[in-house]
Amino acid sequence: AIKGMVEVLDDPYTSYLDTDDYTATLGDLAGEFEGIGAEVAMKDGQMTVTAPIVGSPAAEAGIRAGDVILEVDDQPTSEMSLVEAVFNVRGPEGTSVRLLVIHPDETEPVEIEVIRGEIELASVSFQMVDDIAHIRISQFGEKTDEELESVLATVTAEAATGIILDVRHNPGG
């Protein structure tokens with residue numbers, strides 16, 4: 001009944017998670033999970049790759065930012081919520097998943113097989129721009145505070161005269 005009520009909302013970012021699905025999402029908060037390593041979102045009602053994670057199985061298999069994932073293992077993503085599609089893409093390290101993908105500016109979809117791996121996500125990154133530290137928090141998780149403390153120590157050692165704290169595009173920011 002709850003799942004039905006949530007589906008009626010017709011919101012691509014809202015979905016019901018049962019106990020097993022909820023437990024699986026805890027890996028995101030820990031900064032690690034098993035899957036292909038691509039950030040995805042619903043765009044115009046389609047599962048779209050926001051960005052493959054650098055060095056991930058998705059990036060190595062040729063998945064690109066802007067790719068639309070039409071099918072996961074022959075199942076149309078148009079019939080799934082974003083959460084369901086993500087759970088279908090994820091799976092144990094070393095197993096494969098077949099994706100039917102259409103690249104941006106192309107008309108014919110291609111099938112790409114990706115071997116899942118363990119994905120570790122750093123939630124904090126930074127770069128120095130002259131003497132200003134540009135610190136980006138991409139998501140909030142269990143290790144964000146530790147990562148931020150480490151970055152701040154580095155920034156202090158590099159004698160930054162200012163800090164830009166960037167939480168744009170952060171799903172929790």
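Arg98 comes out as partly exposed, with a relative accessible area of 30% (buried means under 20%, exposed over 50%, and partly exposed in between, using a 1.4 Å probe and protein chains only). The model is a predicted one, so local features need pLDDT of at least 70 and side-chain atom pairs count only at pLDDT 80 or more, while totals for chains, interfaces and linings use all residues. Residues are numbered from 1 along each chain as its sequence is written, and side-chain values use heavy atoms, with hydrogens and water left out.

A search of the whole structure turns up 4 salt bridges, a salt bridge being a side-chain nitrogen of Lys or Arg within 4 Å of a carboxyl oxygen of Asp or Glu. Side chains of opposite charge can pair when their charged atoms come close. Arg98 meets Asp74 at 2.4 Å, N to O. Here Arg98 sits in strand S6 and Asp74 in the loop between S4 and S5, so this pair ties together parts 24 residues apart in sequence. (Helices, H or I with at least four residues, and strands, E with at least two, are DSSP runs numbered from the N terminus.) Asp74 is partly exposed, at a relative accessible area of 46%.

Arg98 also bridges to Asp73, at 3.8 Å, N to O. That pair again links distant parts of the chain, with Arg98 in S6 and Asp73 in the loop between S4 and strand S5 (75–76), 25 residues apart. Asp73 counts as partly exposed, at 30% relative accessibility. Then there is Glu111, whose side chain meets that of Arg98 at 3.9 Å, N to O. Glu111 lies in strand S7 and Arg98 in strand S6, so parts 13 residues apart in sequence are tied together. At 54% relative accessibility, Glu111 counts as exposed. Put together, Asp73, Asp74, Arg98 and Glu111 form a salt-bridge network.

Leaving aside neighbours within four places in sequence, Leu99 is in contact with residues including Ile36, Ile63, Ile69, Val89 and Val110 (contact means heavy atoms within 4.5 Å).

Helix H4 has Leu82, Ala85 and Val89 buried. Seen down the axis of H4, its buried residues fall within an arc of 65°, so they line one face of the helix; the arc is that of the directions from the helix axis to the C-beta atoms. Their cover includes S2, S3, S4 and S6.
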